[in-house]
Structures are given as structure tokens and as C-alpha cells.
Amino acid sequence: MTDKNVAFYTLGCKLNFSETSTIARNFEDEGYNRVEFNEHADVVVINTCSVTENADKRFKTIVKQAQKTNPDAFIIGIGCYAQLKPEDLADVDGVDLVLGATEKFKVTDYIGDLTKNDFGEVHSCEINEADFYVGSYSIGDRTRAFLKVQDGCDYKCTYCTIPLARGISRSDTLDNVLKNAKEISEQGIKEIVLTGVNIGDYGKGEFGNKRHEHTFLDLVKALDQIDGIERLRISSIEPNLLKDETIDFVSNSEMFVPHFHIPLQSGSNELLKKMRRRYMKELYEDRVQNIKQKMPDACIGVDVIVGFPGETEELFLETYNFLNELDISYLHVFTFSERDNTPAAEMDDVVPMKVRKKRSKMLRGLSAKKRRAFYESQLNTTHEVLFEGENKSGYIHGFTENYVKVKTFWNPDLVNTKHKILLKDIDDDGLVRFDFEKVPAALV
């Protein structure tokens, strides 16, 4: 046991947050006290991302911030960037330890007496050794819990480093997913977000081999039966793996909410082929139409990449117009950045960075327009809000089941509570004001 403090900083996706939370609980089991990143800490763990170049660069900034608060802290880098470029992380001034894809879950085994190292020490496996599954979920970090159900990816998209950073597709057992979901519900958390690298691929590697007993639909149906969970949300899922049967089931579920995030990446079939995506835009359009037919108020988010090699002005406009005409709710826009050891980094017809940024700005503007239109379509309708736990400039925020972000004056008694509301109007900051259908006791 120890009286040492440990702090964490997480970059990247929901999956990283779930893994950070599990690693933090491992530290607590060893007697460490978890503290906030800006508080005194003897150990600082930075969970890295490598989806974009900016995520790589941010690591150095986070290390400097950690050193400013805790100049003597033992600093550890883990996560995707740590697997892809461990030596680069180890060379950053102040970094003591770098752990790869499998080692990060045994971080306390590598720490020792916390003596600062002259040079960063690296423990990183070959990525083909990352063939076993480690479950994780987040508790205590947010109102919603992120439940990891799958890891790794067998897709070979030409721009992506994730298979190099996380290994082959593999899944948690269905029994363990259900056990973790019950543990989350017992903590009083009302919403669980299913997360993974490619969650639609769930079932693959469930038993540590090629057996494939369960599917994503089996997972969804089983979770729908668990007592104590009030909301289940599906995070990003590939369009070719989002089957009509799953859409049908969600549309009739009391717990799964009408919110889908479906990566598109390009509205041009020519570019989708160059990216080695496993669908054409016609299939994507079919998925959106099916969702909206079954769930007219559903929120649909879209990932899109701008500036991919060979993206001419005509092909960009094809994507822009395709998205403009789709009945979607918001975009996550990624400006293409060349990643080492990916085929896209070697492709000809490179789009100048100035053009990439201009196109990104156009799509971000389209996203704002789409979100506004979606919010306007929901005004004067009744929904159920789950309030978050943070005081933001005197306001508390929450999300409806279909992912409309609302606000009202801060009241701590509202945190992690659900209420029926009538959406009234959109505020200057783009969030929605509302009336309670029945005023909560906390406000009386």
C-alpha cells in the first residue's frame, strides 16, 4: 500500500476514457489516491491518441503542463501513440516510462520506486502480440459510463493507424460485458455508451480464437434485458455493420436511445475506394433513410475526412452536396493528415494544406447548419433529459435521449437526474432552453 497520488490526462476517444478509468482503478487497488490533473501528484499517466497529427503534438504540451504543476512527478505515456512511436514519446523531456498496447494494463508492475529516469524507459510489444482482450469501463469520470465491448480492427483503411496501434479485432465475452454493465448500473449511473474500435464487429475473437458465437445484435438484445440501466447509447458504428435488424430493434427498445454516429469519411465513391472503405455512399444513404423512417426524431452524427489525396474540387463538392441533402444532425470533420506507415501517406495528388483547411471550414459550417436545423425540428416536442455534473458558467447542461443539448441555471440537485421537458427555443450559444413538464422538487 502507498500514500502516493496519481493523476491522469486522456486524449482522444471514448475508448481511451474507458481504459483510463479502468487503469485508474488498478492504481487505487494498489493504494494510490487518484487526484485531478492540476493537483499534486507523484505519478502522472497520459493516455495518448494518434488519430491526427495534432493529437501527437499535444502530448508534449500535456507533459509540460504536468511538469509545471508537479516537477518531480513520474510521468508515464500510454495509448495509441505510445504503441506507434514509443521512442518519440520516450525522448520527450520529463517522460520516465512508455508502455505499449498490452503493457498499459499492467502499468503498476513497471513503476518501481518512482525515481525519475534520465531517459524514458520503453516497454512495447510487437502489435501482433496484442491478441488478447482486456475489458474496461469508466465510472466516476462523467454522468455517462463508457463501456468497452471490443478492441482492435481488421479493416485496412488506407489513412488509418489504429490497426497498427491496437492490433486485430477482438471482443469481450458476452457474460463479461453484462457483468460490467450491471456493475455500472449498481453505481447509480443512468446511461451507458457502448464503445470500441469497431463495435459492429463485436463477437470476433470473443473466445480468444476464430470462434464467433455472438454478434453485435446479440449484444444489443442481451443488454436490453439488464435491470437498472435506464439508457443505452451506441457509439460510432460502421455503416456496413449497422444492420437493418439492429435499427429495427433499437427503434422498439425502451433503453436504447435514437442516436447513431456513423462514419462516412467521403461522399464520393471514387474516394471511398481509395480509402478502402467497405461500402459505397448508396449503402450509407440507405442506412440513414431506414433510421429516419423508423425513428423520425433520431439524431445521426457523421464522421468525414477532407483533403484526402486525390480529392479534387469536384469530388469535395460531391461530398458536400451529398451531406447537405442527407437527413443528418451534425458532422465530426477531420482534416486529413499523413500518418507514417499508411498507404495514403504515399499517394500522389496531395491536397495543399491551405485547401484542406478551407474545405474543413466549409464542412464545419455545414455541420452548424445541420445541427441548428435538427434542434429546430425538435422544438415544442417533449423529451427526457439526463443532466450532466458540471457547472459551466452558472449553467447545468444535459442531453435528451436523441442528443439535443439543453441548458438551465445551475442546481447541483439536478446532477445525474432525468426529467421530462418541453423544448422551447434555441439560445444564443446554440443550446436549447426548455420548460419542465413537472417542476422537480429541487427547484420548488
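**Reading a sheet and its helices**

Guide: In this predicted model, helix H11 lies across strands S12, S13 and S14, running at about 175° to S13.

Visitor: In what order do the strands of that sheet stand, and is the pairing parallel or antiparallel?

Guide: In a regular strand the side chains alternate between the two faces of the sheet. Here 3 strands form an open sheet in the order S12-S13-S14, and the pairing is parallel. Strand S12 (259-265) and S14 stand at the edges with a single partner strand each, so one side of each is left without a neighbour in the sheet. From one strand to the next, the twist averages 20°.

Visitor: How many bridges join S12 to S13, and over how many do S13 and S14 pair?

Guide: S12 is joined to S13 by 6 bridges, and Gln265 stands opposite Val304 in S13. Strand S13 (residues 299-306) pairs with strand S14 (residues 330-335) over 6 bridges, where Asp303 stands opposite His332 in S14. Between S13 and S14 the chain passes through helix H11 (residues 313-325), and this β-α-β crossover is right-handed.

Visitor: Why are H7 and H8 described as roughly parallel to each other?

Guide: Angles under 35 degrees count as roughly parallel. Helix H7 (residues 216-223) packs against helix H8 (residues 244-252) at an angle of about 10°, with the axes 10 Å apart, and H7 and H8 are therefore roughly parallel to each other.

Visitor: Which residues of H7 and H8 meet?

Guide: Phe216, Leu217, Val220 and Lys221 in H7 meet Glu245, Thr246 and Phe249 in H8. By class, this contact of H7 with H8 has 4 nonpolar, 1 polar and 2 charged residues.

Notes. Residues numbered from 1 in each chain as written. Predicted model: local features only at pLDDT ≥ 70, side-chain atom pairs only at ≥ 80, totals over all residues. Heavy atoms only, no water. Axes fitted to C-alpha atoms, helices over the stretch in contact; angles between N-to-C directions. Helix = DSSP H or I, 4+ residues; strand = E, 2+ residues; numbered from the N terminus. Parallel < 35°, antiparallel > 145°, perpendicular 65-115°, else oblique. Contact = heavy atoms within 4.5 Å. Nonpolar A, V, L, I, M, F, W, Y, C, P; charged D, E, K, R; others polar. Pairing = 2+ DSSP bridges. Right-handed = clockwise from strand over helix to strand, strands pointing away.
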